[in-house]
Amino acid sequence: MSILSSLTPPPGLRVLVTAGAGGIGAKIVAGFVETGAKVHFSDVDADAVAAATAESVTGSVANAADEADTRRLFDEAREAMGGIDVVVANAGIAGPTATIGDISADNWDQTLDVNLRGAYLAARFGAPDLIAAKGSFIAMSSVAGRLGFAYRTPYSAAKWGIVGLVKSLAAELGPQGVRANAIMPGIVEGPRIDRVISARADELGISFEEMRERNLAKVSLRRMVTAEDIAATCLFLCAPGGGSISGQALSVCGNVEAL
Ligand SMILES: NC(=O)c1ccc[n+]([C@@H]2O[C@H](COP(=O)([O-])OP(=O)(O)OC[C@H]3O[C@@H](n4cnc5c(N)ncnc54)[C@H](O)[C@@H]3O)[C@@H](O)[C@H]2O)c1
C-alpha cells in the first residue's frame, strides 16, 4: 500500500455515529460516506433523522444519554449494517454558562449525562462489535478537556472524563486489537458556537463581536476550525495510516492556548 493511499479508510467500513443528523456529526457521516462506508447514525431530533437518511445511511431516533435507547441503537445499527467496525461517540451538549454557584445539580447531571455517560454507553454497547472487528472507538472531547473553562464547569469536567474513558478503553481493549481515541475540537464554526458566544457575551455584558474577538485572541492561528477538519481527523484515525494511534486525545483547534 502506498503511503498516500494509507491516508483514507478502506471502503466498506460499517460506522456508527451518535448525534449524526446535524453539526459536526453530519459532516462525519458525510465524510465516511465519501469513503464508501455504510453509516448508521442516531439523533434525538426525529425530523432531522428522517431528513438525513439516504442511500447507505440509516438512522435511529435515540437519546445518547439513555441506556435503553443506546442498546436499541446498537441493535438497529447491527441489523442495518451487519456489524460495526467504528463507533464515533459524538453526542454532546454545551450545558450551562454560569458561575459554579448558579449551576443546578440538574444542569450538572444533564451535561454529564449527554457528554460523558453517552460516550460510556456507546463504548459499552459497542465493545463486542469492536472486538469482533478489531475496530476503532472515537469519542468527541473538546479543548475544554485539556484546559480549565471558567463558567463551563460541567462541560469541561465531562470532556476531561472522556479522555479518561478512551485512555482506559485503549488499555483494556488494545490487546484485542481495538483502538480508542478522543478528538478535541477547538472553536468550530457554526450555529452552536454562536450560541455559546452569545451566552458568554450576555454573562459579561459585552457584544457578540467583542466576545468573538476575545475568543479568537486565544487561538494561535487566530481563526476557528471547521466541522470538516474534525471529520477528516475521524477518517484518518480509521485509515491504515492512523492504525497505530490509540489512547490519544488529538486537539484539532488551531492551538487554543487558553479558554
Ligand atoms: N461546535 C463546537 O464548537 C465544538 C467544540 C468542541 C467540541 N464539540 C463537541 O462536538 C460534538 C458535536 O458538537 P456539535 O457542535 O456538532 O453539536 P450540535 O449542537 O450542532 O448538535 C449536533 C446534533 O446533536 C443532536 N443531539 C443533541 N443532543 C443529543 C442527544 N442527547 N442524543 C443524540 N443526539 C443529540 C442534535 O439534535 C444535533 O442534530 C459534541 O460532543 C460537542 O461537545 C463541539
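**View 1. Glutamate 76 and arginine 72 sit four residues apart in helix H3 (residues 67-81), about one helical turn.** Their side chains meet in a salt bridge at 3.4 Å, N to O; the term asks for a side-chain nitrogen of Lys or Arg within 4 Å of a carboxyl oxygen of Asp or Glu. Glutamate 76 is partly exposed at 30% relative accessible area, and arginine 72 is partly exposed at 31% (buried is under 20%, exposed over 50%, partly exposed in between; 1.4 Å probe, protein chains only). Helices here are DSSP runs of H or I with at least four residues, strands are E runs of at least two, and both are numbered from the N terminus. This is a predicted model, where local features need pLDDT of at least 70, side-chain atom pairs count only at pLDDT 80 or more, and totals for chains, interfaces and linings use all residues. Residues are numbered from 1 along each chain as its sequence is written, and side-chain values use heavy atoms, leaving out hydrogens and water.

**View 2. Aspartate 75 pairs with arginine 78 in a salt bridge, closest N and O atoms 2.9 Å apart.** Both lie in helix H3, three residues apart. Aspartate 75 is partly exposed at 42% relative accessibility, as is arginine 78 at 28%.

**View 3. In helix H7, arginine 214 and glutamate 210 lie four residues apart, about one turn.** Their salt bridge has its closest N and O atoms at 3.1 Å. Arginine 214 is partly exposed, with 39% relative accessibility, and glutamate 210 is partly exposed, with 36% relative accessible area.

**View 4. Look into helix H8 (residues 227-237) for its buried residues, among them Ile230, Cys234 and Leu237.** Their cover includes helix H1 (23-34) and strand S4 (86-89).

Methods: Contact means heavy atoms within 4.5 Å.
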